[in-house]
Each structure stands twice: as structure tokens, then as C-alpha cells.
Amino acid sequence: MRHITITSRRLHFKEPAGTSRGVYLTRQIWLLTLTDDALPGRQGIGECAPLPKLSCDDLPDYEATLRRLCDRYCREGAIPYEALRPYPSMLFGLETAVRDLESSDGLLFDTPFARGEEGIPINGLIWMGAREEMASRIEQKLRAGFSCLKLKVGAIDFDDELALIKHIRERFDSKTLELRLDANGAFRDHALRKLEQIAPYAIHSIEQPIPQGQTAAMAALCRESPIPIALDEELIGVNDLTAKEKLLDAIHPAYIILKPSLHGGMQGTEQWIRLAAERGIGSWMTSALESNIGLNAVAQWAAHLYGPHIRLPQGLGTGQLFTDNLPQPLFIRGERLWRGKMAE
């Protein structure tokens, strides 16, 4: 018989994490601890971390729903994927806990990354803030050795953001530094015009320029934009296979950005990747402000799906965000995330 203990934790950001939807100061997560009577002394840990006002399973009775679904898993002895499909963060936490319990030495997937033999290239994440704050953060990332930066845009004056991007490009050309933008749906007005103003600065891609749910408008933007568009929020809550196919066929973005906690757990993200690849659409994985428990699972999952020898930078640099993060053998050296003990 298997048993699951649910523990609620509140994490605190080192600095306010600004997005176009607001500023995060704390982060609520639920940890699942899975044990098995037949495996004495062993346990598996998984993290359930819905994002407020964004996740499709951001529910007022989240813990009660999680408890009910975990009890069902313990009774049946198998993950009830159909029942968990509407609850991606819960599914991801349970998938992780099961993998962790049944693995050895913390290898959720046996890959060069999990064994500490190679690192995963990651982008440096620049949160929204005042122009001076963002400029300072960019300098820090560049000094750390990053060759790919992702800038959150849409919260400050557009002209200031444009000036900041121009300033970066005056110092570093596109061969030296790859620039990605994430608008989180902030370009509600004159989106195409804004993209045309940004385009001269050799932008790799921009995530979700307009809010989700405007399929026709997003499809038109993908056809007309001078910058490749990536979908992120647009994928949230689209958990049915047929619905996924229809969305990709209708919009046909250049990329999709996948977060297991938001986009269907391990099973759902693998399905998204397969469907995108069939249509010539690229993809990469990012974390969704989980603790190091969730980040470790996302990173090992990305290494399993895209590795070995991942070349495209992934969005896995969020492990240093919290003052009270949970310990995991993860560290960043240069522009790569590594698993193992950091050399002295």
C-alpha cells in the first residue's frame, strides 16, 4: 500500500518578481511525500505549484482536491491520468513523487545531466522593473557569462524598454548575445506596430505578445510578425489531444514554451512536443517558479526529452529566486545548470 503526506510551504522571493500581471513576493507550494509499505525506508518527493490567477488548477479548494486525487492514486496504485488532466500542477507533482520513489540516487531519468556529466544551457532571466534596475540585472547576467537573455517586457514604458533593448544591441550583436522577450500578453494595443519597432534589434523570439484566448488575432500576428512568436499562456487549460491539434493548426507559432506545472505534467508536455514537432514548430522547457524540488524534476525531464547534448537554452534559471528554497543538488556555473555537488 502506498501513502502520501501533503505539506504546504510558502516561499519568499529574494527580490520582487515583476510580470505584466503583477508582482510576486511569495510563492505557495504543496509537497507530496510518497511512501510504500513494500519499500521501507524509501520515499519520493513531488512538488505541486500552481501559479495564482494563471494556472487552470488555481483553485480555492486546491489542497482538498489534491488530497482526493492522491487518495485515489493510493487506492488504485496507478496515476489516474484522465482524472488529473484538468489539474496539471497536481499531476506533475504526483508524477515526480512516483518517479522519485521508484528511482535510485535521485535519477528520475538516467541521463548525462542527471548523472552530473553535462550541464543544460539556460537563458538568463531578467525580471521587469525600473529601467535602471533591469539594466543592472542585465549587466550581472552578462558578467556571469550568459549568451542568451530573456527579458520580461510590458510593465514599464514601452519607449524605455525599446531604449534598453537598443542599448544592449549596441554593445552585443546577435552572434554574441541571443535576446528573447516575454510579454505575458502585455501588448494589448498596437501589438504588430510594437513588434515592428523591436524587430531591428535581432530578437530571437517573443512569448505571448497578446493575451491568450484570441485565436484569430494571434494567428494573424504569427503570420505578420517580423519576430518569431512563441506561445506560453495560450496553451494553459488546453489538455485534450484534439484541442491541442486544433490550436497548433490554427495559430501555427514558431515555438511553444512548455512548463509541466502549467501544460499537462510530464505526459501532457511530451504530447505537446510531439504535436509541435510534427508541424515544424520548435519548443523548449521552462520552470514555473517552483522550488528546487520542482526545478530538479523539470530539468531532469527536459534532459530526458531533448538530450543528450542540449543546444537550445532552456528556461531553468529560477532556482536562485527564493530566500528559503529547498535543498537539491543543483547549481549554475556560467550559463549552464548542473546537477551534482559544485566543485569548491
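Select D240 to open the tour: at 35% relative accessibility, this residue counts as partly exposed (partly exposed lies between buried, under 20% relative accessible area, and exposed, over 50%, with a 1.4 Å probe and protein chains only). The model is a predicted one, in which local features need pLDDT of at least 70 and side-chain atom pairs count only at pLDDT 80 or more, while totals for chains, interfaces and linings use all residues. Residues are numbered from 1 along each chain as its sequence is written, and side-chain values use heavy atoms, with hydrogens and water left out.

**Charged pairs**

Helices (H or I, at least four residues) and strands (E, at least two) are DSSP runs, numbered from the N terminus. R85 is partly exposed, at 31% relative accessible area.

Next, select D232 and K259, whose closest N and O atoms are 2.5 Å apart in a salt bridge. D232 lies in the loop between β9 and α8 and K259 in the loop between β10 and α9 (265–278), so this pair ties together parts that are 27 residues apart in sequence. D232 is buried at 3% relative accessibility, and K259 is buried at 8%.

Then display E178 with R180, a salt bridge with its closest N and O atoms 3.0 Å apart. E178 is partly exposed at 22%, whereas R180 is buried at 1%. A network of salt bridges links K150, K152, D182 and E207. The structure holds 18 salt bridges.

**The parallel sheet**

Colour the strands β5 to β11. These seven form an open sheet in the order β5-β6-β7-β8-β9-β10-β11, with parallel pairing; two strands pair if DSSP finds at least two bridges between them. At the edges, β5 (124–126) and β11 (282–285) each pair on one side only. From one strand to the next the twist averages 25°.

Zoom in on β5 and β6 (residues 148–152), which are joined by three bridges; here I126 stands opposite L151. Now show helix α5 (residues 158–171), which packs on the sheet and touches β6, β7 (178–182) and β8 (203–207). Its direction makes about 170° with that of β7, the axes being lines fitted to C-alpha atoms, for helices over the stretch in contact, and angles running from 0 to 180 degrees between N-to-C directions.

**The nonpolar cores**

Select L151 again. Beyond its neighbours within four places in sequence, L151 is in contact (heavy atoms within 4.5 Å) with residues including I138, I165, I168 and L179. L151, F187, I198 and I256 touch the most other members of the largest nonpolar core, which has 65 residues. Such a core is a set of buried Ala, Val, Leu, Ile, Met, Phe, Trp, Tyr and Cys residues joined through side-chain atoms within 4.5 Å. Helix α10 (residues 292–306) gives the most to this core, with seven residues. A second, separate core of 21 residues includes L32, C48, Y62 and L69.

**Strand β3**

Finish at β3 (residues 44–48), where five of five residues are buried. G44, G46 and C48 lie on one side and I45 and E47 on the other. Five bridges join β3 to the antiparallel strand β2 (residues 22–36), and L32 has G46 as its bridge partner.

Methods: A salt bridge is a side-chain nitrogen of Lys or Arg within 4 Å of a carboxyl oxygen of Asp or Glu.
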